[in-house]
Every structure is written in structure tokens, then in C-alpha cells.
Amino acid sequence: MGSLPFTTSDVQTSTAGVLSSPTLLCTPLMGTTVDQMLIEMRKAKEIGADVVEIRLDCLRNFSPQQDLEILIKRSPLPTLVTYRPVWEGGQYEGDENKRQDALRLAMQLGASYIDVELEVAHDFNNSIYSKKPENFKVIVSSHNFHNTPSAEAIGNLVARIQATGADIVKIATTALDITDCARIFRIMVHSQIPTIGIVMGERGLISRLLSSKFGGYLTYGALEAGAISAPGQPTAKDLLDLYNFRLIRPDTKFYGIIGKPVGHSKSPLLFNAAFKSVGLNAVYLHFLVDDVKMFFDTYSTPDFGGTSCTIPHKEAALKCMDEIDPIAKKIGAINNICRRPDGKLTAFNTDYIGAISAIEDGLRELNGVNPGASSPLAGKLFVVLGAGGAGKSLAYGGAQKGARVVVANRTIERAKELADKVGGKAMTLDEVEHFHPEEGMVLANTTSVGMKPHIDVTPIPKHALKHYCLVFDAIYTPKDTRLLREAKETGAVIVYGTEMLIRQGFEQYKNFTGLPAPEDLFRQLMEQHA
Ligand code: NAP
């Protein structure tokens with residue numbers, strides 16, 4: 001069950017591969033009545049699916065002759081008919097002969113595909129031998145709801161499926177780890193007959209999204225969230241609009257964000273829209289990662305371009321890098337990993353650039369632009385509230401720009417440790433209220449005080465804000481925190497956490513592609529999806 005690295009030869013086979021035809025997008029219909037399924041198939045066509053899967057086992061009162069005639073003949077898309085028994089994860093509990101009769105009838109009535117389970121495929125295929133209409137194909141499927149077996153075991157399974165006379169092999173396994181998908185990719189790339197390879201579960205998502213990269217015959221996309229026919233299935237709409245499914249080819253470079261959890265990240269939305277806007281042959285995915293080292297060891301091909309990195313991997317990922325940007329090293333956390341052409345992994349921290357550049361622009365807005373001058377933060381008294389991940393980025397960034405840094409934190413030991421590292425002073429959060437050795441200081445909140453759902457609290461009383469010329473809040477949910485509202489009322493320039501978020505994204509895009517980020521597009525999408 002070990003995860004073998006996905007090698008360069010796998011990618012080359014995929015690029016030159018035998019199965020270079022476009023992967024089909026199939027939407028399962030899960031309605032419990034024929035009428036519901038008729039509505040669903042029209043919706044599937046509108047969304048942009050290529051095929052609909054009629055799940056006969058979902059129908060409540062199924063009359064084979066009458067219902068199949070209607071469903072197959074009236075479908076605006078080619079049909080794949082499945083009548084999944086309980087023993088293979090479906091809902092049908094009745095007589096096995098009747099089930100297989102219905103599948104044979106579907107074939108006669110013009111279904112493009114039927115899906116039959118490996119356990120009965122041999123006899124079933126014999127029963128339709130020489131009766132198969134032209135262009136009709138039998139998918140022989142095997143489902144494993146527990147794990148993804150070793151590469152050798154999957155290879156043997158493919159051979160068994162092929163031996164039944166299958167036109168198309170379908171293997172669905174379960175991901176216990178995201179690296180399980182690599183074994184299925186390898187099978188799809190090297191298979192001599194059309195193959196559908198799916199790794200079920202949320203850790204298997206990339207097996208569905210990258211199906212066209214690795215020559216999969218078909219991938220499944222649900223009609224809507226919650227109407228899934230197997231665990232981890234994305235919606236057809238997300239496949240098409242969020243992940244640019246139609247643009248993914250064998251030579252498409254892939255990127256993503258590693259995290260746990262990670263599904264909430266808006267990064268795929270931003271990066272995929274950006275890639276599409278400039279015609280870059282690349283896709284950006286959600287990577288739900290448990291073990292960072294295993295992930296990087298497994299996905300090590302040249303067409304894997306790198307990742308963004310979020311909680312809880314910002315520190316663990318450091319150990320897997322070949323090279324670390326000096327400031328990222330000092331901060332002790334990375335959020336952007338790029339694979340260089342020679343295969344080496346280089347890491348950056350773009351959080352600090354995002355935040356510091358936003359604060360610098362805020363100060364320039366206040367004082368006017370002074371071309372050629374050093375950072376407007378140079379010499380400023382810079383009070384950083386918090387000593388966690390964001391606090392470190394801000395404190396190091398400020399110190400690097402020549403600011404005099406003060407770190408204030410609820411846990412004083414953490415404040416002291418960080419202040420020592422950046423050559424600054426430390427104090428408790430409570431002391432900040434009465435700390436005003438001079439006017440025109442800069443304040444950066446990096447604590448989570450004021451973050452949703454506790455939006456009524458603030459880390460520093462309003463009256464203390466009058467000593468600051470600029471106030472930044474790293475929190476971006478909500479965008480308008482109580483701290484920023486009160487700072488504005490006090491007359492300070494304010495800088496939003498969304499600005500840090502978006503600017504760190506610009507830097508990541510530059511690092512990944514070597515191109516400037518389409519900033520207006522990023523901003524527009526952030527506004528739309530805030
Ligand atoms: P973190 O590493 O967990 O650090 C949390 C910090 O908040 C610590 O300093 C902690 O103090 C302090 N804190 C938490 N609860 C507190 C409370 N009730 N009273 C006082 N202090 C409290 O988290 P992080 O990654 O730095 O994130 C912190 C905030 O920054 C979050 O709101 C996050 O969403 C935001 N952020 C924004 C961006 C962006 O792009 N805008 C990027 C990264 C983070 P102790 O040390 O005493 O526990």
C-alpha cells in the first residue's frame with residue numbers, strides 16, 4: 001500500500017499516451033421518479049455534461065420496459081445505465097436475474113453504455129456477446145469502499161476486468177491519503193483499454209479533477225452539491241467553472257493549496273481564473289494533505305509546479321524544502337512552494353510581503369510618495385499585536401524594513417521570544433492601552449480578537465488608537481472589524497486584512513508563473529466571492 005512516486009515516465013506516457021481523447025463528464029441522475037430524472041437530465045445538459053448516468057437503483061417504482069424507453073429515448077445526452085446492487089454499494093436489493101435483464105433491455109433500447117459489476121461481468125458479457133449494438137460499450141466496474149490497494153493489486157484487478165470482455169475498465173477505490181490517487185493515475189496512464197479511475201472520498205478529489213490529465217475515459221460530476229452518487233464527488237459545475245476541466249490536458253501543469261482542512265480555500269477560484277485569462281496551460285487544485293513529506297515525495301514530476309500552503313502545514317513543510325527564502329526561514333513559516341525546473345523545492349513566505357506592502361502603500365497615501373526613498377516604515381514605531389504565524393510575518397517584515405518593532409501578546413513569553421528574534425521590545429496585550437511614547441505610530445493586529453463570530457470585541461480600546469497614524473488588521477472575516485471602524489473614526493489610515501490576503505496571492509502567482517498577477521481580476525473575484 002506504499003505510495004510510489006509518480007515518475008517522469010508516467011507523465012511522458014500520459015503525454016504521448018494511447019488514450020488522448022477528451023475525458024467525458026458524466027452526471028449521475030439520482031431522482032426517485034422518472035419525471036425527476038427527466039428534469040435532471042435536461043439540467044445536466046444545460047450545465048455542460050457529456051453523458052448522464054441513469055441510476056435505476058434510485059427509482060422507487062421501476063417498470064423496466066416503460067421507464068427505460070422513456071428515459072433513454074428522451075434523454076438529450078447519451079446515457080449510461082447503472083443498476084447498482086446493495087452488495088456493490090448501490091440500492092437494489094431484488095432478484096439478480098431481473099436486474100441483469102433490465103441492463104440488457106437498456107442496451108437494446110439504445111443506451112450508449114451500461115455499467116456492470118466485476119463479480120457478475122463474465123457471465124453477463126457472455127450473455128450479450130454478438131448482440132451488442134454498434135458503438136455500445138460495457139463498463140465493468142469494481143468498487144472498494146475501504147482503501148486503495150497496492151499498485152500490483154490494482155494491476156491484477158485491471159487484468160481481471162479486462163478478461164471479462166469489458167470495453168471500458170472502471171476502478172473506484174477509497175482514499176485514505178491523497179497519495180493513493182497516484183496509483184490510480186499510473187493505472188490510467190498505462191492501461192491499454194479505456195479506463196475510468198476514481199479514488200472516492202475527500203482525499204481522492206484530485207483523481208476526479210485530473211482525470212483528463214491522466215487519460216481517464218470519464219469522470220463524474222454531480223448535478224448539485226449534496227446530490228452525489230459517491231463520496232468526494234465534485235459538482236459538474238465546479239469541474240467546469242472552478243477547475244477548468246475542459247482545458248486540462250496531459251501536459252497541463254498542476255498547482256494547488258495544501259492544507260487540512262482546505263476545501264474552504266478560495267485560491268483555486270483566483271488562480272484558475274487567472275490562468276485561464278492569460279491562456280496558461282495550468283490548473284490549481286485543493287490538496288487535502290495529511291503527511292506533507294509523503295505528498296511531496298509522491299507528486300514529484302516536472303509538471304507539478306508547486307503549492308500554496310495553509311494551516312496546519314506552514315511549519316512542517318519547511319522540512320521538505322531544498323531551499324528556503326532567507327526571510328521565510330527567519331519567520332519559520334512558509335506559505336508558497338515552487339518546484340524549480342531542476343525539481344528542487346523552493347519555499348517563500350508571501351504573507352509578510354502582502355501585509356508589509358499594503359501597510360507601506362497606506363503610509364505613502366498618508367505622507368505622499370517619495371520616489372527613491374526607503375520604506376515609509378523605516379524608523380517608525382511599529383506595534384504588532386500577536387505572536388502567532390501572522391504576528392511573526394509582520395514583526396520580521398517590519399524589522400526588515402527598518403521599523404522599531406514592539407510585540408504585544410496575551411502570552412508574554414511568546415511576545416518576548418519573537419521580540420528577541422527581531423531585535424524589538426515585548427509587552428503584554430493589556431499594556432498596549434497605555435503605551436504611547438510618541439505620536440504617529442503604526443499598529444498591526446495579528447491576533448484573532450475581533451474575528452467572526454466574535455465581531456464585537458477589539459484588541460485595544462478606541463481611545464488608545466489616537467496615537468497611531470495607521471492601523472492594519474490581519475483579520476479578513478469580517479473585512480470591516482471593530483478595530484478598523486474605530487481607527488477610522490479616530491482619524492487613522494486603515495488597511496484591511498483582505499489587502500494582505502490578495503497581495504500575498506499576487507506574489508504567489510508571480511513565483512509560480514514568472515508573470516505579473518492579473519491584479520484587477522483577483523480583486524474583482526475577491527469582491528464577488530467575499
Ligand atoms: P495563530 O498562529 O494561532 O496566532 C493567534 C494569535 O492570536 C496569538 O498571538 C494568540 O495569542 C492571539 N489570540 C488568540 N485568541 C486571543 C484572545 N482571546 N485574546 C488575545 N489574544 C488572542 O494564528 P495566525 O495564523 O497568526 O492568525 C491570526 C489572525 O490573522 C487570524 O484572524 C487569521 O485569520 C489572520 N490572518 C490573516 C491573513 C491574511 O492574509 N489577511 C493571513 C494569516 C492570518 P497567544 O499567543 O496568547 O495564544
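Student: By class, how many nonpolar, polar and charged residues does the shell around the ligand have?
Tutor: Keep in mind that this is a predicted model. The shell has 10 nonpolar residues, nine polar ones and two charged ones.

Student: Which residues come nearest to the ligand?
Tutor: Out of 21 around it, the nearest are Ala390, Asn409, Thr411, Arg414 and Ala474.

Student: What does Arg414 do with its side chain there?
Tutor: One of its polar side-chain atoms sits 2.7 Å from an oxygen atom of the ligand.

Student: And which part of Ala390 faces a ligand oxygen, backbone or side chain?
Tutor: Backbone. A polar backbone atom of Ala390 is 2.8 Å from an oxygen atom of the ligand. Ser448 also has a polar backbone atom by a ligand oxygen, at 3.4 Å.

Student: How much of the ligand does the protein bury?
Tutor: The protein buries 74% of the 910 Å² that the ligand exposes when taken alone.

Student: Which helices supply at least two residues each to the shell?
Tutor: Helix H14 (389-400) and helix H17 (497-513). H17 gives the most, with three residues.

Student: Why does Glu439 count as exposed?
Tutor: Its relative accessibility is 52%, and the exposed class begins over 50%.

Student: What does it touch beyond its sequence neighbours?
Tutor: Leaving aside residues within four places in sequence, Glu439 is in contact with Lys466 and His467. With His467 there is a polar contact, side chain to side chain, at 3.0 Å.

Student: So is His467 buried or exposed?
Tutor: Buried. It counts as such because its relative accessibility is 8%, and the cut-off is under 20%.

Student: Where does His467 lie, and what else is it in contact with?
Tutor: His467 lies in the loop between S18 and strand S19 (468-473). Its contacts outside four places in sequence are His436, Glu438, Glu439, Gly440 and Met441.

Student: Last one. Which domain does UniProt list for residues 377-448?
Tutor: The record, an unreviewed entry, gives "Quinate/shikimate 5-dehydrogenase/glutamyl-tRNA reductase". In the model that span is 32% helix and 28% strand. Its end C-alpha atoms lie 24 Å apart.

Key: Residues are numbered from 1 along each chain as its sequence is written. This is a predicted model: local features need pLDDT of at least 70, side-chain atom pairs count only at pLDDT 80 or more; totals for chains, interfaces and linings use all residues. Side-chain values use heavy atoms; hydrogens and water are left out. Buried means under 20% relative accessible area, exposed over 50%, partly exposed in between (1.4 Å probe, protein chains only). Contact means heavy atoms within 4.5 Å. A polar contact is a pair of N or O atoms within 3.5 Å; within protein, one must be able to donate a hydrogen and the other to accept it, and residues adjacent in sequence count only if both atoms are side-chain atoms. Helices (H or I, at least four residues) and strands (E, at least two) are DSSP runs, numbered from the N terminus. UniProt positions are given in the numbering used here, feature names are shortened, and annotations may be inferred rather than shown by experiment. A residue is near a molecule or strand if one of its heavy atoms lies within 4 Å of it. Accessible areas come from the Shrake-Rupley method with a 1.4 Å probe; for residues, only the protein chains shown count as cover. Ala, Val, Leu, Ile, Met, Phe, Trp, Tyr, Cys and Pro count as nonpolar, Asp, Glu, Lys and Arg as charged, and the others, Gly among them, as polar.
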